[in-house]
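Hi everyone, thanks for coming.

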Amino acid sequence: PCAYYAPMAMTIHSELAAYRIQTIAAQQQQTLIPKQDDQDDQNVDADQNVDADTDLEKGIQKNTQDEPTHQEVPLQEQPKLPYILAGDWNLQPDSPQYQMMTTGILPQDDPGFPTPKHGTSFRIRTEPMRSAYAQNGEPDFTNYAGGNVNNDNEPFIGTLDYIFCSKEWKINSVKPILHRDDERTNGPFPNAQEPSDHVLISADLEIS
């Protein structure tokens with residue numbers, strides 16, 4: 001959300017978004033792994049008489065007792081399919097939330113670390129992600145908005161948009177973004193050249 005005035009809310013929403021995409025990536029990875037029951041079935045001699053109900057009961061017992069469930073393994077440690085999470089985050093590169101997304105760390109004494117509520121304490125459940133632009137430095141800005149953004153007449157200009165990706169991606173290149181001092185910038189936006197107050201960002205990625 002655009003809740004820069006509520007850093008704890010920004011932390012919670014950022015972590016939730018990362019948690020969601022990483023959970024999906026982990027679940028999709030699990031679908032590619034043959035189930036143990038399927039492997040066991042392939043090893044059963046076709047000539048053996050197997051009681052289907054008894055075999056099913058054993059399979060359930062094996063799944064629930066002998067093997068750890070998917071939820072028992074921390075998300076950071078679960079194998080995942082490669083994933084990309086991009087968008088307007090309303091976070092600047094020097095924000096604690098950006099550091100959390102890219103390092104997996106947010107000190108508990110940081111003003112953006114959510115305080116316990118209703119018996120629940122905040123914890124970071126996600127693995128760090130890379131920002132595609134960060135390898136050469138984040139852009140000088142991705143958002144150049146007109147006045148009244150902060151209830152004043154001053155334009156806002158800063159980097160709020162990112163392409164986060166998992167470690168499997170090789171970042172070949174990113175679309176260059178003009179500096180605010182470049183005469184071609186011609187902000188704030190939108191205007192005749194830029195239809196949005198956010199400029200287009202893009203990256204050329206491949207699986208390494």
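Okay, a definition to begin with: two strands pair if DSSP finds at least two bridges between them. Helices (H or I, at least four residues) and strands (E, at least two) are DSSP runs, numbered from the N terminus. This is a predicted model, where local features need pLDDT of at least 70, side-chain atom pairs count only at pLDDT 80 or more, and totals for chains, interfaces and linings use all residues. Residues are numbered from 1 along each chain as its sequence is written, and side-chain values use heavy atoms, without hydrogens or water.

So, the sheet: it's open, with three strands in the order β1-β5-β2 and antiparallel pairing. β1 (84-88) and β2 sit at the edges with a single partner strand each, so one side of each has no neighbour in the sheet. Two bridges join β2 to β5, and R130 has C165 in β5 as its bridge partner.

Now helix α4, residues 96-103. Which of its residues are buried? They're Q97, Y98, M100 and M101, where buried means under 20% relative accessible area (1.4 Å probe, protein chains only).

Stay with Y98, because its ring pairs with Y162: the centres are 5.2 Å apart and the planes at 50°, so the pair is tilted. Rings of Phe, Tyr and Trp (its six-membered ring) pair if their centres lie within 6.5 Å; planes under 30 degrees apart are stacked, over 60 edge-to-face, and the rest tilted. Y98 is in α4 and Y162 in β5, so this pair ties together parts 64 residues apart in sequence. And W89, Y98, Y162 and F164 form one aromatic cluster.

Terms used: Buried < 20%, exposed > 50% of the residue type's maximum accessible area, 1.4 Å probe, protein only.
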